[in-house]
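User: I am new to this structure. Please take me through one part of it closely, in short steps.

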Number of protein chains: 4
Amino acid sequence: MSTQNIRLGLIGAGRMGSFHGLTAARHIPGASLTAIADPTPGQAARLAAELGVDKVYTEPQQLLDDLDIDGVLIAAPARSHAELVISAARAGKGIFCEKPMAITLDEADRAIAAAADARVPLQVGFNRRFAKSFRTAHLDVAAGRIGTPQLLRSLTRDPALNNPAASPQWVIFLETLIHDFDTLRYLNPGAEAVQVYVMADALIAPAYKSKGFLDTAVVAIRFDNGAIATAEANFQAVYGYDVRGEVFGSEGMLTMGSLNDSDLVRYLAHGIQADTQRMDTDLLRDAYIAELNHFVDCLRTGAKPLASGEDARAALAIARACIESFEQGKPVAVQGARA
Amino acid sequence: MSTQNIRLGLIGAGRMGSFHGLTAARHIPGASLTAIADPTPGQAARLAAELGVDKVYTEPQQLLDDLDIDGVLIAAPARSHAELVISAARAGKGIFCEKPMAITLDEADRAIAAAADARVPLQVGFNRRFAKSFRTAHLDVAAGRIGTPQLLRSLTRDPALNNPAASPQWVIFLETLIHDFDTLRYLNPGAEAVQVYVMADALIAPAYKSKGFLDTAVVAIRFDNGAIATAEANFQAVYGYDVRGEVFGSEGMLTMGSLNDSDLVRYLAHGIQADTQRMDTDLLRDAYIAELNHFVDCLRTGAKPLASGEDARAALAIARACIESFEQGKPVAVQGARA
Amino acid sequence: MSTQNIRLGLIGAGRMGSFHGLTAARHIPGASLTAIADPTPGQAARLAAELGVDKVYTEPQQLLDDLDIDGVLIAAPARSHAELVISAARAGKGIFCEKPMAITLDEADRAIAAAADARVPLQVGFNRRFAKSFRTAHLDVAAGRIGTPQLLRSLTRDPALNNPAASPQWVIFLETLIHDFDTLRYLNPGAEAVQVYVMADALIAPAYKSKGFLDTAVVAIRFDNGAIATAEANFQAVYGYDVRGEVFGSEGMLTMGSLNDSDLVRYLAHGIQADTQRMDTDLLRDAYIAELNHFVDCLRTGAKPLASGEDARAALAIARACIESFEQGKPVAVQGARA
Amino acid sequence: MSTQNIRLGLIGAGRMGSFHGLTAARHIPGASLTAIADPTPGQAARLAAELGVDKVYTEPQQLLDDLDIDGVLIAAPARSHAELVISAARAGKGIFCEKPMAITLDEADRAIAAAADARVPLQVGFNRRFAKSFRTAHLDVAAGRIGTPQLLRSLTRDPALNNPAASPQWVIFLETLIHDFDTLRYLNPGAEAVQVYVMADALIAPAYKSKGFLDTAVVAIRFDNGAIATAEANFQAVYGYDVRGEVFGSEGMLTMGSLNDSDLVRYLAHGIQADTQRMDTDLLRDAYIAELNHFVDCLRTGAKPLASGEDARAALAIARACIESFEQGKPVAVQGARA
């Protein structure tokens, strides 16, 4: 394994891009952040100044053409992910792409093919796979420690709804629950979803429902090993960011997820009190660092990332089936999970 | 309020009947167990001897004709509940009936009408309403402490599957999930279920699926206030009896349920370890006592029980819709929840 | 074993007496509360009316002379306990005595001798021995599950200080920490305390310190198996009644005690919140019932109670050494723990 | 504030030195590890190669003479700390010194004076001050959230005893409990210890007791605001590294510390199970990073570190009093805590 420094380029300097940039610049031994690209005027330059990065581009392609970059972190808007993956693959860069990797299955297939053709690692930002509790649970299930999975649950609740007017279509399935769909696959290793049924609504911001916005959803999912799962999302948990998982099998159950900000507990006149985590980047900070460390390891060794393009496609297939289920009001088969 | 001793009669001396009989005989101040009826030879006599009860009957009607009895506890097989309720009402007895109170909505309507006509209290054995955490959660939600409910969850996992061959048809919906359907209504006060969708299977005992047996189920439920709920059951949790609830609203979340047998925690070379509860009658012992105390109070005061015949009907309406959803493989409207 | 009903008499109808009376009258199968004695005018009659007890006495001796009584519950002021035990033993009654059984070691020895001479069971109100977590911990330690005990902790914090002016002398050692001294012996089975050192003060009610009142204390205790323990008490925990234990050994640690009122947890905008227990009689309710059940069992079988007169004496020996340590400001040997 | 890169030098490349070196090299934005000194042949070079550090010295003074270094991390054996602090101050370097900063109060005074004379920041490795739960608890107490502290507890249990034969004298007080003495001061802000009493023994390795080795200790501490504290240590907790704190006051209680390795909980046939943390560097990893970040901030701004030389001296004064208490078998006044 080469111990040479890995040079990373960041595409997209918004909230998640800034966070990944900070992580890459500060917390990944053996890697450095070399360049930042963002078409929004001044955005890349501002972040570059903050992180001490020299190269700034407005066009992603400029960054992809930069021969000093080994791998790229794609944190642009979701709609552009697949094309950026394809371009990055053609440029021979290793690719870390925030979820969702693609919006359509066709896009996903082309992105996977491009990375395969270019023989570059393609990792997707399914950060829960790198959270210690979820990772250990996955290994426990894979080792048979709870027998055969029969019931699963994964949920995501964001702390506060921002600007539903600007929300991309089907965001609850394509950008939020996509995490849960991947988590359920991760906690049920080897199995694939075959059918979904959705109940969803705009309960927080009902005025936006007519524009296609949904902020609350429950999905029932049937897997090909018989296991039945639920995924659940909501965009406004006043108590903070809430990510939990559960897998129940013939020999036991595993639960993951805690809301607690630290191990401080207060006992006061009005009862017991503890603080919660407010941000995904706090709650899952270690997982965010671990996934970039893993990406850098894969760039070095050429190993296939633990959260792959195929994983992205499988989760997307569930999300697409959810959209169809919601539109038709009935259960829908998941297309081509095994494609 | 009269402080006169309340005399109870028990119909059914099987597992639950014996447990209710013991509770009535020992733990309900101001009440006593006066008679036991069970058609199984020797069953009533055996329990009566154990509990120091004088009167033993083989026919329930004999017990209903006994003028020394103020109220009856019906713990016979589920299929006989509704007819026993009707007979007990006609005999002028106050009625505590184990869940389910009825198997069909028509039966339920007739049972409710009979109790109303006779002006006798009719309480159903929805014990979770009397568990401290679920009760407090209900009151919190009713007081608006978590705003408007948006997402709910209730689950029941029994510790061990017994004799699926002898299991009544649709037992998972009619006898197990009926608790969860009631709990969801209890945690979403004032709202009623309008639609259900079921995924269910025989994963523990697949050989019995062809005979109509189901041991694992997930139900998605839509309520008329927009809230979306899941109910979940499984018949073999190797770690013990598992009953939990969760209600998430616009202003917060409440969770209920613990597996721990006591507040002892062990820290050993292989990690942290704690014991679990194995039996519903252990986990919910205080709730079982509280529901009978409430019944005796209602007998004294004439107050309408907190778990009423109408509650039983509403939960049954959900269970019946589940059966239809399972048979048809599609979402089904809940019939007449507001009837 | 006789299944005959056990008739109990209660001496003392104050707060604890009323609670024990209620428990005896309502929650102990096979036993009934037959008589109540209290010298305070009207006190016994009031409780007797509430509990449906027929016989009321003003003099304890009247109750002891009552041939219809099998066992007595002594819940009079602590200073009278030992003489009441002796009188009860002479009257041939089985004895349950609230802690402390005696105030001096000489008294304790005479009380033990009187019960032994009369061959009547003598049980002391060390209720933590009957709390499930403490009981299981004791059995775990006895079974060697955590190896040899090396460090122990037991604490008691009362929710609110009542009337320090009326407080008996050394109440924190003789009436509060006496529970912890017994608990430490219970969690370190077979070992005896050999030395104590006390730091104590009146921090809640400093005005009473000059009158000999202490409301806060820490005791370090050395046991003859090398284990070192701390016992800790305070009379004003604003969050509720707090009883916890910990035993650490060469093979692991056990912790006992929880403040939670139920398994309900709230997640709100200001964080995670849960309710606490406010009263010892709530927190330890099951233990209070269990100790009286055990007493009734011992009355029936003649078995030696699990919380014996000798246990009371051993805990008292520690308390007396604490008083001496506090007065002298130095470590003090525990007298005659093995007497 | 300068944003110039801070260049750190490490003195001592043993277990803690290697860990601090790794942290400095990888996890402290705006700082880099420039040189390593260790007299053990090859030790500095090995670590330098691993961390990509260029300069290697065998003599600490060589590193102190290096003009390219802004601050030093002292992780040499405890007996050399004070002299290294003095030399580093004379060389004008900012100083982070692992605990204990000194072994005698005279040494401590000279170290503090040297840093003051040289006007360099002097920080001591009391990492718990930088753990989120302990930090928040400190701020809560300082803000009066639990009223006046009355009872405190701090404990340290190491996972496994290593080579007691090579253990420095009084290691349990000077190197282990020194953390707890500081923590108690931190949780009782503004108060100082005035008296201690020790019970201690060699229970894990009794063969070494005659050589002055102690592996188990309980310390009772009286503070000048009336609060009473216990500190507790043991060198062999089979379940892992155990660090906990508790502060109880007139308005509530705070507890800190958790053994759990992650938020994964397993529910299996033999009960509930969770993994523990095994190493201090795992359990307190974030605190170790935070303390070095704080040190680098102090180097930049000239601010006085939150864990100062005076804090080190105050904790040492308690440790020295403990040694005296153990030797004399009686309570001992803490010398010059306010010096």
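Which residues of chain A does the UniProt annotation "domain: Gfo/Idh/MocA-like oxidoreductase N-terminal" cover? Please look closely at that part, then at what lies beyond it.

Analyst: The model is predicted: local features need pLDDT of at least 70, side-chain atom pairs count only at pLDDT 80 or more, totals for chains, interfaces and linings use all residues, and side-chain values use heavy atoms, with hydrogens and water left out. Residues are numbered from 1 along each chain as its sequence is written, while chains are lettered from A and ligands numbered from 1 in the order in which they are written.

The annotation comes from an unreviewed UniProt entry and covers residues 6–126 of chain A. UniProt positions follow the numbering used here, feature names are shortened, and annotations may be inferred rather than shown by experiment. The span is 42% helix and 22% strand. Its end C-alpha atoms lie 22 Å apart. Helices (H or I, at least four residues) and strands (E, at least two) are DSSP runs, numbered from the N terminus.

Start with helix 1 of chain A, residues 15–26. The expected span of a helix is 1.5 Å times one less than its number of residues. Twelve residues should therefore span 16 Å, and the end C-alpha atoms are 17 Å apart, which agrees. Buried residues in this helix include M16(A), F19(A), H20(A) and T23(A). Buried means under 20% relative accessible area, exposed over 50%, and partly exposed in between (1.4 Å probe, protein chains only).

Next comes helix 5 of chain A, residues 105–118, which holds E107(A). E107(A) is buried, because its relative accessible area is 15%. Leaving aside neighbours within four places in sequence, E107(A) is in contact (heavy atoms within 4.5 Å) with R79(A), A82(A) and A102(A). H81(A) is 26 residues away along the chain, and its C-alpha atom is 9.3 Å from that of E107(A).

Now move to strand 13 of chain A, residues 265–268. V265(A) and Y267(A) are buried on one side, R266(A) and L268(A) on the other. Strands pair if DSSP finds at least two bridges between them. Strand 13 pairs with strand 14 of chain A, antiparallel, over three bridges. A hairpin of two residues joins these strands. Y267(A) stands opposite I272(A) in strand 14 of chain A, and opposite M253(D) in strand 12 of chain D.
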